[in-house]
Amino acid sequence: MILASQSPRRKELLSLITSGFEIIPAKGEEILPEDISPEDAVLMLAEQKADEIFAARKNEIIIAADTVVAVDGKILGKPRDGEDAFDMLKMLSGHVHSVFTGVCVIFADGGKTTFAERTMVEFYPLSDEEIRGYIATGEPMDKAGAYGIQDKGALIVKKIDGDYYNVMGLPVGRLSRVLKGKI
């Protein structure tokens, strides 16, 4: 089994299901068409990653995922810099947003399953000082929407509706059911 991701969070989460996997991150450029929905975006990106690795490593189970934060239909990926992180967190402050994770599993026989999970997240209202303090931790810089719910980002989350692990980047409950009997 191969996890097509370099995310330490996805590695940790997949370990809840199985310890028997290798990590080979996909290297392809993530390109999306204009005006794509957040759900379609994560499905497309997860499938691109899985297809890339499967082309090189047939006869193995490939698992790929992609996560985005979306507010008012606008996709927020990873911030480019501190200013971009500030803008994202300011936009999310005091509001409800969606976190979408798309997962693609390609089985050794070439069969493919894709699905997307959506979790609603509400932030507390944040002052500019709180946002700058959080950015200063460095935590927001490699995460979709400029926050990680599992670390200091937990301090700015008021509530969630849906799968907590989806917000971390891998809906393990649903994935375990897809893999049941296959591993």
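E122 is buried (under 20% relative accessible area), at 17%. Still, the E122 side chain meets that of K158 in a salt bridge, 3.9 Å from N to O, where a salt bridge is a side-chain nitrogen of Lys or Arg within 4 Å of a carboxyl oxygen of Asp or Glu. This is a predicted model, where local features need pLDDT of at least 70, side-chain atom pairs count only at pLDDT 80 or more, and totals for chains, interfaces and linings use all residues. Residues are numbered from 1 along each chain as its sequence is written, and side-chain values use heavy atoms, leaving out hydrogens and water.

**Salt bridges**
- The whole structure has 11 salt bridges.
- K112 pairs with D51, their closest N and O atoms being 2.8 Å apart.
- That pair links distant parts of the chain, with K112 in strand β6 (residues 112-123) and D51 in helix α2 (residues 38-56), 61 residues apart.
- K143 forms a salt bridge with D142, also listed at 2.8 Å between the closest N and O atoms.
- Shared partners join R9, D142 and K143 into one network.
- K143 counts as buried at 9% relative accessibility, whereas D142 is partly exposed at 37%.

**Helix packing**
- The axes of α3 (residues 82-92) and α4 (residues 128-136) come within 10 Å and cross at roughly 135°.
- G82, A85, F86, L89 and K90 in α3 meet D128, I131, R132, Y134 and I135 in α4 (contact means heavy atoms within 4.5 Å).
- By class, that contact has six nonpolar, one polar and three charged residues.

Note on methods:
Axes are lines fitted to C-alpha atoms, for helices over the stretch in contact, and angles run from 0 to 180 degrees between N-to-C directions. Helices (H or I, at least four residues) and strands (E, at least two) are DSSP runs, numbered from the N terminus. Ala, Val, Leu, Ile, Met, Phe, Trp, Tyr, Cys and Pro count as nonpolar, Asp, Glu, Lys and Arg as charged, and the others, Gly among them, as polar. Buried means under 20% relative accessible area, exposed over 50%, partly exposed in between (1.4 Å probe, protein chains only).
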